[in-house]
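Subject: Structure for you

Hi,

Here is the structure I said I'd pass along.

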Amino acid sequence: MEQVLLITGASSGIGAATARAASREGYKLVLTARSRERLEPLKQELGPENVLSVALDVTDMAAQQAMVEQILERFGRLDAVFANAGRGGSPGGFSGADHEAWREMLLTNVYGLGLTVQATLPALRRTRGHMLLTGSAAGRTTIPGSMYGATKWAVTGLGYNLREELRGSGIRVTLIEPGMVDTPFFDEPPEHALAARDIAAAALYALGQPAHVDVNEILVRPTPPLSDA
Ligand code: NJP
């Protein structure tokens, strides 16, 4: 049976790399992001017969519910969800950051991710499927002045609480927690960063485990550079 995987934030970075890796493993894919222009080339690259692309904003529940209907119409099932769409904040710390930028980030990283979970759970219950959430190393550690980090602490908590709610349902919840990854998330390529394919490999590892293996979370950081000593 071909497995159907939905990826939010699929048009670039970690989401796009995961789509490529999953495509190589034979998954049918549902790719979403706001920009249809950025989704289409990926759909063509991976083979339109195996891919459904849906342009939506994750903060729009009606759009997410309509997407689930489209998935079931096209593929008849949904086996796994990678709730990955997210964005960064603005510099300045709690005293100086642009608070309007906070609104977009909080809505996308926390509320939008929660909506993806709620919209897809009925379909995942039918397949005893798998929910992967993109958290962050920033949701595991203290970063001075970081509202972004606070959104990812929220994702960590959401993942833990969701796993408890779903205990006994057969649905597994995996938190994917990247350190710094070289993606368009950053305006300038970061130094000593992971590649998006490194996080895709972690997601595919979790997805590839048999039903009795519940990978709760995977924290992946770049190896620190060699010191001179
Ligand atoms: O970033 P990027 P990453 N509704 O910018 C989409 C987390 N993370 O791959 O909507 C729907 O290449 C956007 O598409 P578009 C990070 O927090 C990263 O690095 O067309 N989709 C694009 O496809 C995030 O959760 C690092 O603009 C929305 C995608 O999201 C995840 O990894 C470290 C959307 C963003 O792709 C992927 O980020 C870490 C919306 N409202 C965690 N807003 C890192 N890069 O270092 C955005 O710990 N998108």
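Let me start with Ile-199. Setting aside neighbours within four places in sequence, Ile-199 is in contact with Ile-14, Ala-17, Ile-176, Pro-178, Val-181, Leu-194 and Val-220. Bear in mind that this is a predicted model.

Ile-199 also turns up in the largest nonpolar core, which has 53 residues; together with Leu-29 and Leu-132, Ile-199 touches the most other members. Helix 7 provides the largest share of this core, seven residues. As a rule, nonpolar side chains in soluble globular proteins tend to be buried together.

That brings me to helix 7 itself. Its buried residues are Ala-196, Ile-199, Ala-200, Ala-202, Ala-203, Ala-206 and Leu-207. They sit on the same side of helix 7, because they cover an arc of only 155° around the axis. I also looked at the length: helix 7 runs over residues 196-207, and its 12 residues should span 16 Å at 1.5 Å a residue. The end C-alpha atoms are 17 Å apart, which agrees.

Helix 3 (residues 61-75) was the next one I went through. With 15 residues, helix 3 reaches 21 Å from its first C-alpha to its last, close to the 21 Å expected at 1.5 Å a residue. Which of its residues are buried? Those are Gln-64, Met-67, Val-68 and Ile-71. The four cover an arc of only 100° around the axis, so they lie on the same side of helix 3. What do these buried residues pack against? Their partners are strand 1 (4-8), strand 2 (28-33), strand 3 (51-55) and helix 5. On the face turned away from that buried side, helix 3 carries the exposed residues Ala-62, Glu-69 and Glu-73. Just after helix 3 comes Gly-76, with a positive phi of about 80°.

Finally, the ligand, which may be the part you open first. There are 31 residues around the ligand, and Gly-9, Gly-13, Arg-34, Gly-86 and Ser-136 come nearest. By type, the shell divides into 12 nonpolar, 15 polar and four charged residues. Helix 1 (13-24) and helix 5 (99-127) each supply at least two residues of that shell, and helix 1 gives the most, with three.

Cheers

How values were computed: Residues numbered from 1 in each chain as written. Predicted model: local features only at pLDDT ≥ 70, side-chain atom pairs only at ≥ 80, totals over all residues. Near = placed C-beta within 6 Å. Nonpolar A, V, L, I, M, F, W, Y, C, P; charged D, E, K, R; others polar. Expected span 1.5 Å × (residues − 1). Buried ≥ 20, exposed ≤ 12 C-beta atoms within 10 Å, placed from the backbone. Arc of directions from axis to C-beta. Core = buried A, V, L, I, M, F, W, Y, C linked by C-beta atoms within 7 Å. Contact = placed C-beta atoms within 7 Å.
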